[in-house]
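Here are my notes from going through this one. Have the viewer open while you read, and check the points as they come.

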Amino acid sequence: MLKLYEPAKLDLKKYIFFTGKGGVGKTSTACATAVTFADRGNKVLLISTDPASNLQDVFETTLDNKGVQIQGVPNLTVLNLDPIQAAYEYKESVVGPYKGKLPESVIKNMEEQLSGACTVEIAAFNEFSNYLTNKELEAKYDYIIFDTAPTGHTLRMLQLPTAWSTFISESQHGASCLGQLAGLEDKKDMYKNAVNNLANAELTTLVLIAKPEYSPLFEASKTSHELKELGVKNQILIINGIFEGDAGLCDISKRLVEKQTTALQNIPEEIRNLPAYKIPLRDYNVTGIEKIRLMLKSNFLTDSSEVVEIKGYHKLNELIGYLHAQNKKVLFTMGKGGVGKTTLAASIALGLIARGEKVHLTTTDPANHLKLLVESTENLTVSSINPEEAVKKYRQDVLEKAKQTMSQEDLSYIEEDLRSPCTQEIAIFNVFASIVDACDEEVVVIDTAPTGHTLLLLDATETYHKEVARIKGDLPDAVKKLLPRLRNAQETEVIIVTLPEATPVYEAQRLEEDLKRAGIHTNWWIVNSSFSLVDTEQPLLTAKAKAERMWINRVYDLAKGHIVLLPWLKENITAKTLPKFFE
């Protein structure tokens, strides 16, 4: 029997990290924990490291990257770690001292070198390390809580202190001369302290969040293992959204209990013995101070007297028919973590194959769950971007080419540069470009990482495109063609996936606005896992179904009626049940 998660009764340390698969409730749990401690008189700083942060939605307050004191919770300060703003400030810190002293052409060249995705990552990482090691903040706050991005991005963030420390230690040519890496040398002590603080069980608690389902528990297990290898061993597990209603009232509630019971009985060995706690399923969206305070205390049934009619929706099969008829060649599923992007990308791929298309299905998500759902067949090839393999191939390609024209001394600089953690982002981007380029031969369906990571990848695309335009150098055709291809609405379709809840819809709306600013066309939305389309008499599920209708209608308006609505499925999602989505 799991104990209720009551943070005030646990020995949580000064630095608390909330991590897990997208959509498991990291942000709401981190917020509820922060408010609990602040209400008890503790000084609390809550930070989101997610590039697609939802803290502002949960607190219903505009936030910045400096810290906003939350109205009604005087001891709580909240901030979003904004990677773009951090990159701008990082660039200014490096270039600023030289302005007015060096020629304008040199300053411009320095600024261009500092405009890549790697700079964004370095800057965000510097900010993160600062909050983890700053002595003034350590003295000022009783708790510093990190609401992190979905697992893949977070693992990268937590691995970087070690990666950069090692790179700087082994650098023989001086990291300060390496363009985007300028200014890193003086951060060496900070990175070392960040590594030490993460591994110090007296300072740091890692909270793994999962839902009572196979996939989130599997990802929590994988994350637990990788972070233990980094030395982050002080871990606890929270199972969020456990249904505790009467299972005998209808078939839906019975199946819900069966699914979560089976998942919890088969909890992976890696996390089986961690201290574990539960948070019951709530029928309300956790937004606003009142509901944040209630989340860890009690449920209440929302007023369901008014029944809102759903304005309309399409079936997934109709969307697949549209994609086939329009001869779309590059298809993306994008959205918040945990909304079902991977499942729907695989379903769309299978639907297109049923219509005679040849399909390549791939994922840019470091957490890669495609392999759990589908395998390559005659008309379907399945792949994922493996960071280690991408870096290995990229290094080989660059060095082979460099050896044709460079001296041994110059080669040693190139070899050292290629050992930088930045190389991974560049290598992954090149693989991404080559996968999209394959659409001349087959339909390419791309399951993207959660929103924040996807935005950084698209930002890299924009940056590389500008670089191509500037130098017109010897870059692969796939890279040169990538952004024009993504902006071609005749060829590319971005399908936004969400759940009928406040936070996923807000995040999807911001994603759509970012895509439009990047000149990338969006048309269709999919609202996944709706209780409105299932027959239930269980009061909590009925209230949940009625509460979600306003969000379905909001998406209907945003998508101008191009909305697919899918029911919550009684079955576990496997290769056998995938076709149910487009039946």
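1. Let me start with a question: is Lys-13 buried or exposed? Keep in mind that this is a predicted model. Lys-13 turns out to be buried, because its relative accessible area is 13% and the cut-off for buried is under 20%. Its salt-bridge partner is Asp-11, with the closest N and O atoms 2.8 Å apart. Asp-11 itself is exposed, at 59% relative accessible area.

2. On salt bridges overall: the whole structure has 18 of them. As a reminder, side chains of opposite charge can pair when their charged atoms come close.

3. Have a look at Asp-39 and Arg-293, whose side chains meet in a salt bridge at 2.7 Å, N to O. Asp-39 sits in helix α1 (residues 26-39) and Arg-293 in helix α12 (residues 289-295), so the bridge ties together parts that are 254 residues apart in sequence. Both ends are partly exposed: Asp-39 has a relative accessibility of 40%, and Arg-293 has 28%.

4. Arg-485 and Asp-437 make another salt bridge, this one at 3.0 Å, N to O. Here too distant parts of the chain are linked, with Arg-485 in helix α19 (residues 477-486) and Asp-437 in helix α17 (residues 422-437), 48 residues apart. Arg-485 counts as buried, at 9% relative accessibility.

5. Now the inside. The largest nonpolar core has 38 residues, and Tyr-5, Leu-46, Phe-59, Leu-76, Ile-145 and Ile-292 have the most contacts within it. Helix α1 gives the most to this core, with seven residues. Apart from it there is another core of 34 residues, including Tyr-15, Leu-137, Leu-206 and Ala-210.

6. Which residues does Ile-145 touch, leaving aside those up to four places away in sequence? Among them are Ile-16, Phe-18, Ala-30, Thr-33 and Ala-34, along with Val-44, Leu-45, Leu-46 and Ile-47. Leu-46 is also one of the residues with the most contacts inside the largest core.

7. Last, the surface. Tyr-98, Leu-102 and Val-106 form a nonpolar patch there, with about 230 Å² of accessible area together. Val-106 belongs to helix α4 (residues 104-113) and counts as partly exposed, at 34% relative accessibility.

Note on methods. Residues numbered from 1 in each chain as written. Predicted model: local features only at pLDDT ≥ 70, side-chain atom pairs only at ≥ 80, totals over all residues. Heavy atoms only, no water. Patch = residues over 30% accessible without salt bridge, like charges linked within 9 Å, V, L, I, M, F, W, Y side chains within 5 Å. Areas by Shrake-Rupley, 256 points an atom, 1.4 Å probe, with all protein chains shown as cover. Salt bridge = Lys/Arg side-chain N within 4 Å of Asp/Glu carboxyl O. Helix = DSSP H or I, 4+ residues; strand = E, 2+ residues; numbered from the N terminus. Buried < 20%, exposed > 50% of the residue type's maximum accessible area, 1.4 Å probe, protein only. Core = buried A, V, L, I, M, F, W, Y, C linked by side-chain atoms within 4.5 Å. Contact = heavy atoms within 4.5 Å.
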